[in-house]
Amino acid sequence: RNPGVHAAGVIITEKPVVEYCARYMGADGAPVTQFDKDYAEKIGLVKFDFLGLKTLTVIDNAVKLIRMGGGADASFTIERIRYDDPKVYELLGSGDTDGVFQVESSGMKDLCTRLKPSSIEDVTAINALYRPGPLGSGMVDDFIDRKHGRQAIVYELPQLESILKDTYGVILYQEQVMQIARELAGFTLGQADMLRRAMGKKKPEEMAKYKEIFQSGAVERQIPADKAATIFDLMAKFAEYGFNKSHSAAYAVLTYQTAYLKAYFPAEFMAALMTTEMSNTDKITKYVGDARSHGIPVLSPDVNASQRRFSVERAVRAGESVKAVRFGLEAIKGVGGSAVDAILEIRDGTANTPPDGRAELPPSGPFKNVLDFVRRVSVRKANKKVMESLTAAGAFDAIAEVNRASLFESLEGLLSHAADEQEERSLGQSSLFDSFSASEVKLVQPAAAVFKEVADWSQSQKLLREKAIVGFYVSGHPMDTWQRICDDWLGFNTQRLRDWAERQTGQPQAAGSAGAGGYQRPKRKEAQVAGIFGELKEITTKKGSRMGFAQLEDLHGKVEVVFFPEAFEACQEKLKRSVAEAEPVVVTGEMDQREGEAKILARSVEWLEELQKGRAKQVFLRLRPSAIKPEQLRELKQSFLAHRGKCPVQIEFLDGHYRTLLKLPVGVQVSGTPQMVAAVNRIFGEPVVDLR
């Protein structure tokens, strides 16, 4: 009916493939056999599987970023790391494995935290254990209990100890089945492999034949026939779930290497992950959240600081210099590769030929302001669409003469001015201002002559535009000021969306747990979750009613919310406003989980701000005097005056050797709102406010 191509299968032949079997041209132009793998093997051909893993690219990119940091790490190589590092096994055992190869899902995290791997053999076992067979048979529980000494390790024969020691007496790998057959019954390698295949295929007639051969071979080696029969039956039982150890061990090496990078070089590792997942906004959002939870700032794109892809640089956080991940220019929608090339070539001085027919290359170095940018970078490459994307993403914030909204409204005139100037240069004409530097041009040509002055976008508008251009919120998140409130004290019994998102990662279905049709309907649970709606899809039912599907998100993750017609009619106004204005809400309903996918069936939607009103009784600040500047205290006073209310304020001053609590007078009471929290946190560049 239709042809399919194996994702990794490659046939290698001595002579041209057409001398062995029919061939046709695949969709991408690759030659493909007209025989499937089974028939190809039957005529004597060998199929090799060359599995391409993007994790290898992640590791390679991370190593390059580490070396770029210089110093002792300039010669770092992943091939020289030790595989007995306690810090790496501590990370794996903690379940803090976002981005770590093979162990990112909630089920894998749970297995890691229960098993607490302490060797590369344990990591190898994790890959083999996390499958439906072992999970459903109780093998996983036996393995964990034996490792931690809660269950005795028993070997049927002393000869089995050397074979099963690494797996605590559990027959876990196909290679162990083969080793047992060779050790106890004298099987050749070929016979042992045939036994492994027979056990895997569960063919009774073949199993009976091999059992007889096994028993006779074991008796010749002074092993009682009944004991040999018991061991064979044990092998047959475990062979149903047996895994290929060589495959699992190769994966374990990559699991350990990525865990090592996350443990010792988290910023470089996160930057490499984000670069690899640039087109997957869900994963980028997840990794940005993970980076920030580990104290790694994720910086907005910047025409002077950003590289092509995600990079690592130093930033100041809470008065300390830390490694931060800088957003890459190529990850901004609407900024194509040619525009990025033009920007980097001019900025870094790597251009080979002058752009736009100029007689000479423009000067290299950082861009001093936006006017300098458009004069030096070709407007054919950095056109209006590119400039709009860079503006909305905040890439000009550090050098812009005006706010984002003003710059956005001024782009047409700015580019027209730059295009005229670049055209004159291409014709060999000089401009009155060519002999001036960019800063001098700014003096003789004031910003008011080039830029329109309009009110800046609100914080929510900035964030919404960032998400439209980048795919997620960069310089902040609408839930920034709400998340701590929801997580710590709001009292709505709200659950973090990470807990919901992890339910969707697809834990293997344990054998025997499914009902008719392979699905066991779980009991629905009450759900109350806070977040903002990012996407909305409306459909018309067969009865003509409208219903909707929306993505609810917070700083931790996402979950799909289903609005059946009655709920959709009642909630659609709030739902659409939350999508348009990034307003946080609380959704109440039921959790529905089918085939590993968790959803919320909504009943009602309430504004989070309305529910929060009046709950805060006290405002509490934690400040470090050594990191505070006088102007910050002046801004703090102004912010308190702008957010007057009924909540008393206490400030705790913390320094290396003392702690002082200052209660502000009654006349300096404030409103305990997220707006006040955001304003104060913005002054100090970090979360310093608690509502109690």
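User: Where is alanine 527 found?
Analyst: Alanine 527 sits in strand 8, residues 525-540. Strands here are DSSP runs of E, at least two residues, and helices are runs of H or I, at least four, numbered from the N terminus. This is a predicted model, where local features need pLDDT of at least 70 and side-chain atom pairs count only at pLDDT 80 or more, while totals for chains, interfaces and linings use all residues. Residues are numbered from 1 along each chain as its sequence is written, and side-chain values use heavy atoms, leaving out hydrogens and water.

User: Does alanine 527 count as buried or exposed, and why?
Analyst: Alanine 527 counts as buried because its relative accessibility is 3%. Buried means under 20% relative accessible area, exposed over 50%, and partly exposed in between, with a 1.4 Å probe and protein chains only.

User: And how many residues apart in sequence are alanine 527 and methionine 591?
Analyst: They're 64 residues apart in sequence and 5.8 Å apart in space, C-alpha to C-alpha.

User: Switching topic: how many residues has the largest nonpolar core?
Analyst: It has 128, and Phe373 and Leu390 are among those with the most contacts inside it. A nonpolar core is a set of buried Ala, Val, Leu, Ile, Met, Phe, Trp, Tyr and Cys residues joined through side-chain atoms within 4.5 Å.

User: Which helix gives this core its largest share?
Analyst: Helix 13, with eight residues.

User: What does leucine 390 touch?
Analyst: Not counting residues up to four places away in sequence, leucine 390 touches Val303, Leu329, Ile332, Val335, Ile343, Phe373, Ala395 and Phe396. Contact means heavy atoms within 4.5 Å.
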